[in-house]
Amino acid sequence: MATSRTAIIAGNWKMNMGPQQASSFAREIIPALGRVIQHNPSIMSILCPPSISLASVHEVLEAMPTSGVELGAQNMYYEDKGAFTGEIAPGMVKELCTTVILGHSERRMYFCESDELVNKKTLAALAYGLRPIVCLGENSEQYDSGETQSVIKAQIQQSLAGLSDEQASQIVIAYEPIWAIGTGKAATAVGAGHVIHFIRHTYASIYGESAAQAIRILYGGSVTSANIGEFMVHPDIDGGLIGGASIKDDFVEIVRISAETRHP
Ligand SMILES: O=C[C@H](O)COP(=O)(O)O
């Protein structure tokens, strides 16, 4: 189906690049990203450095106001403020960012984040006018035993519960099969497209067809410039959440190829 959804290529730098390195990498890639985006309004790009490096990348973006590149955080807490040592609040993120990644499988795995917590964070992000990129995905055992759809359905029902009609059209979902993250074994575009189609269908059963058609659903897991084109031509896939390749020059190439191959 033809879509007017603006594609998103987001770079999740994970725990790489402190403020100085982030600033110098940002100065290197933002002008090149800006040139691609300015010629292709159907695509947007979001850089998500570690929280300690957000301010330094923000400073670079402020010096290049026409680039169109946006800034995102990799995580945040849901409370407004207070005694939550080590956490950052939605309002703090909002001062610098448009976007926040929530419920990444590494947060779920290493920091015991539940769907319930991801849901609280998602509602808080929306309340603050942030664009949440909510991550979903099955692990390799679940994939092997054919549980992908039931796992994904439960994650949607719990992580994305309680959205208002307006909020339901604003979120972004990233489908990231855990077995594909950082392994070099990306899902096939057909396989990812199939699950993403299921995500949209499940979402429609909760929030209606119009919201389901409005939201962007990205694929993530071992995406590089060598395979992004295959995902971007798929009609159900609205972009990518890029890990390892987002901290290399390859990221610019990924955005360029995405702009050229985005399905009509
Ligand atoms: O958030 C990004 C994903 O975890 C994908 O990471 P990757 O591109 O290194 O496989």
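Residues are numbered from 1 along each chain as its sequence is written. Because the model is predicted, local features need pLDDT of at least 70 and side-chain atom pairs count only at pLDDT 80 or more, whereas totals for chains, interfaces and linings use all residues.

The ligand is surrounded by 14 residues, the closest being N12, I181, G220, G243 and G244; a residue is near a molecule or strand if its C-beta atom, placed from the backbone, lies within 6 Å of it. This shell divides into five nonpolar, eight polar and one charged residues. In that classification Ala, Val, Leu, Ile, Met, Phe, Trp, Tyr, Cys and Pro are nonpolar, Asp, Glu, Lys and Arg are charged, and the others, Gly among them, are polar.

An unreviewed UniProt entry carries the annotation "binding site" for N12, W13, K14, G182, S222, G243 and G244. Although these residues span 233 residues in sequence, no two of their C-alpha atoms are more than 13.8 Å apart, so they gather at one spot. UniProt positions are given in the numbering used here, feature names are shortened, and annotations may be inferred rather than shown by experiment.

Two of these annotated positions can be followed further. W13 lies in the loop between β1 (7-12) and α1 (19-39), where helices (H or I, at least four residues) and strands (E, at least two) are DSSP runs numbered from the N terminus. W13 is buried, with 23 other C-beta atoms within 10 Å; a residue is buried if 20 or more other C-beta atoms, placed from the backbone, lie within 10 Å of its own, exposed if 12 or fewer, and partly exposed in between. Leaving out residues up to four places away in sequence, W13 touches C48, P49, P50, S246 and I247, contact meaning that the C-beta atoms of two residues, placed from the backbone, lie within 7 Å. S222 sits in the loop between β7 (216-220) and α11 (228-232) and is also buried, with 21 C-beta neighbours inside 10 Å.

Beyond its neighbours within four places in sequence, V223 is in contact with A186, I228, F231, G240, I242, A245 and I254.

The "active site" annotation of the unreviewed UniProt entry covers H104 and E176. These two span 73 residues in sequence, yet their C-alpha atoms are not more than 8.4 Å apart, so they gather at one spot. H104 is in the loop between β4 (99-102) and α4 (105-110) and is buried, with 27 C-beta neighbours inside 10 Å. E176 occupies the loop between β6 (172-175) and α9 (189-207) and is buried with 28 such neighbours. Residues up to four places away in sequence aside, E176 touches S105, C135, G137, I181, G220, G221 and L241; among these, I181 and G220 also belong to the closest residues around the ligand.

The axes of α1 and α12 (residues 250-261) come within 10 Å and cross at roughly 5°; axes are lines fitted to C-alpha atoms, for helices over the stretch in contact, and angles run from 0 to 180 degrees between N-to-C directions. The two helices are therefore roughly parallel to each other, as angles under 35 degrees count as roughly parallel, over 145 as roughly antiparallel, 65 to 115 as roughly perpendicular and the rest as oblique. In this contact, I29, A32, L33 and V36 of α1 meet F251, V252, V255, R256 and A259 of α12. The contact residues comprise eight nonpolar, no polar and one charged.
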